[in-house]
Amino acid sequence: MSPKLIRRETGPIQSKKTVLITTRSRLRRRGIPRLSVPVLETTFVNIDVLADEIVRGPNALGISGVILTSKRAIEAWHEALRSISPEVETTQADWRTVTFYVVGHATARAASEMHTAFPTMVHLAPAEGLIRGGAGAGTAERLAAFILAEGVGGNGLRMLYLTGDKNREAMPEMLSAGGVVLDTLEAYRTTGSSAFRADLGTALEKVPATGTDPTWVVHFAPSAAAFVTPFLREVLSFDGEKLKVAAIGGTTAAHLSDTLKVRVDVGFTQTNARRAV
């Protein structure tokens, strides 16, 4: 049977690690060869700026909401909280009073767990009842539509938007057109692994394709898909039925088909990713 290739991201993205571990286990039980190649390296940026804004609080900033489109944004908030000295006065800031809009179930769950991760800083974390979007807004565009449907547009409400270096512009454009003012802060950057080409070659040598069964490539994130696709085109043929592509998450599927022009044979949400096996 041909190998099932699983692309994963490096970094503290626990939900994707969990999916990967479960998938590996299921593949192993079914005797399906599998490959796992580290793809991305993530670094956090402007954490000092974010920490300063968290300490100042939403009232001082004139912020009515926070937009987090990935778990990396959650991790950036974590990094900012860790950087705040215990000697710094933070009682004037209460982020439990504003709505946190998030993309997807995994991001919503991570946001809801933030207050338990920082029990002495619960006022600097979102209130569980004010975390909106989640599974009902699985892509950035759907989250933008969700926010506008709640009636927050048209009155110049200001929101803090934590972004990465590769975020798409569709959501900011939709919100801006709807009258929402975004204070955008780049909080993380994602780069491809410098060793990916060599790692991919080594991995492919270990599990050569055999038989007539298709080879599956499973993508977990748009940034990873954008980085690996040129390398995959060098060693795999995307024409015909020998190669199948699966995408975890609506944003990933849209990026593959719309931007990278890669046919997506099957897509899964974060909540049912285990069905990919």
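A salt bridge here is a side-chain nitrogen of Lys or Arg within 4 Å of a carboxyl oxygen of Asp or Glu. Before you start clicking, note that this is a predicted model, in which local features need pLDDT of at least 70, side-chain atom pairs count only at pLDDT 80 or more, and totals for chains, interfaces and linings use all residues. Residues are numbered from 1 along each chain as its sequence is written, and side-chain values use heavy atoms, with hydrogens and water left out.

Select Glu150 and Arg132 to begin. Their closest N and O atoms are 2.1 Å apart, forming a salt bridge. This pair links distant parts of the chain, 18 residues apart: Glu150 sits in the loop between α7 (140–149) and β7 (158–164), and Arg132 in strand β6 (residues 131–134). (Helices, H or I of at least four residues, and strands, E of at least two, are DSSP runs numbered from the N terminus.)

Next, pick Arg82 and Glu79, a salt bridge with its closest N and O atoms 2.8 Å apart. The two are separated by about one helical turn because they lie 3 residues apart in helix α4 (residues 71–83).

Then show Asp94 and Arg96, whose side chains form a salt bridge at 2.8 Å, N to O. The structure holds 8 salt bridges.

Finish at Thr190 in strand β8 (residues 181–192). Is Thr190 buried or exposed? Thr190 is buried, at 3% relative accessibility (buried is under 20% relative accessible area, exposed over 50%, partly exposed in between; 1.4 Å probe, protein chains only). Display its contacts (heavy atoms within 4.5 Å): leaving aside residues up to four places away in sequence, Thr190 touches Leu40, Glu41, Thr42, Arg72, Asp165, Lys166 and Ser223.
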